[in-house]
Amino acid sequence: MAQAPRMDFEAFVARKKAGRAADSTQIAGHDYTYTFDRQSRVAFENAKPVALAVEASVRLFKQMGMHQLLGHAVKVSDRQFPRIYGIAKQASDALQITMPQVFVVNNPTFNAGTLGTNDDSFIIVHSGLLDQYSDQELLTVIGHECGHIHNSHVAYLTALHYLTYMAGMFLPWILQPALVALKTWSRRAEITCDRAGMLVCRDQQASERAITKLAVGSRKLYEEFNLDAFLEQHEEGSQGIGRFMEVFATHPWLPKRVLAMRLFAASQLYRRTLDGAAEGLTMSEVDSRVSELLKGEAG
């Protein structure tokens with residue numbers, strides 16, 4: 001039988017304490033960071049199941065994950081898919097982070113993700129998404145993924161990735177405390193990174209298209225897509241016990257994400273980024289309204 005990776009909690013805590021003073025960004029976040037994303041990460045410092053999962057997952061990725069990527073994905077560079085390379089550089093420069101390595105994987109679904117460690121992060125983009133997205137929409141997606149790096153999410157995302165995989169191999173009930181905590185945080189982290197994508201792209205409509213295309217999955221169908229009707233689904237789905245199924249998801253339901261993006265678009269922070277305008281909602285007001293929007297998720 002396969003063995004679960006050894007989890008050294010004491011070593012994890014020691015390293016976190018040693019690095020905390022030097023890397024205050026990990027907890028403090030940035031002006032655009034969703035408050036409850038930041039608070040969840042603070043709570044993780046005292047959550048032993050999550051700490052154990054993060055420690056083991058980071059070690060596992062270092063041992064296996066990178067080699068798997070090099071074996072089945074295509075590494076983006078200025079010589080390999082230079083258009084994608086240029087978009088990734090634009091996104092990382094906008095957030096003032098070291099440009100991450102980007103890989104293209106052969107997968108028809110519209111998706112992208114970030115794995116690795118907070119020191120070595122890798123963005124993975126599915127070929128299906130690349131075929132269907134404009135440059136501005138792709139800039140939103142890669143900007144979103146760079147937001148995970150900018151906010152030191154990567155170790156937690158890696159833990160969630162491996163923990164979900166391990167739940168099918170080992171006793172799921174042992175892993176549930178960490179999985180539930182990480183999924184709850186992940187839904188909040190997505191709000192932060194949708195904002196990062198908007199700040200990088202600076203085109204609200206393109207950013208909304210990048211999110212809503214995930215629901216449609218077809219360029220032809222998207223030509224007939226009615227965004228207002230799609231957003232009405234949020235009200236329709238906000239009643240009844242079925243809404244609590246969101247607690248098992250790693251992302252908020254898509255209509256909620258678009259509505260949360262629109263709240264951020266009305267903020268002073270976003271408007272200053274676009275044209276220097278001073279009027280708009282404070283980030284405290286935005287976060288309060290987003291919290292009301294998300295509270296039906298029960299997590």
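Me: What counts as a helix or a strand here?
Reply: Helices (H or I, at least four residues) and strands (E, at least two) are DSSP runs, numbered from the N terminus. By that rule the chain has 15 helices and four strands. This is a predicted model, in which local features need pLDDT of at least 70, side-chain atom pairs count only at pLDDT 80 or more, and totals for chains, interfaces and linings use all residues. Residues are numbered from 1 along each chain as its sequence is written, and side-chain values use heavy atoms, with hydrogens and water left out.

Me: Why are H7 and H10 called roughly perpendicular?
Reply: Axes are lines fitted to C-alpha atoms, for helices over the stretch in contact, and angles run from 0 to 180 degrees between N-to-C directions. Under 35 degrees counts as roughly parallel, over 145 as roughly antiparallel, 65 to 115 as roughly perpendicular and the rest as oblique. Helix H7 (residues 135-150) packs on helix H10 (residues 204-216) at about 75°, so the two are roughly perpendicular.

Me: What makes H13 roughly antiparallel to H15?
Reply: The axes of helix H13 (residues 254-265) and helix H15 (residues 283-294) cross at roughly 165° and come within 9 Å. H13 is therefore roughly antiparallel to H15.

Me: Which residues of H13 and H15 make the contact?
Reply: Contact means heavy atoms within 4.5 Å. On H13 the residues are Lys256, Leu259, Ala260, Leu263 and Phe264, and on H15 they are Met283, Val286, Arg289, Val290, Leu293 and Leu294.

Me: What share of the chain counts as buried?
Reply: Buried means under 20% relative accessible area (1.4 Å probe, protein chains only). Of the 299 residues, 48% count as buried.

Definitions and conventions: Buried means under 20% relative accessible area, exposed over 50%, partly exposed in between (1.4 Å probe, protein chains only).
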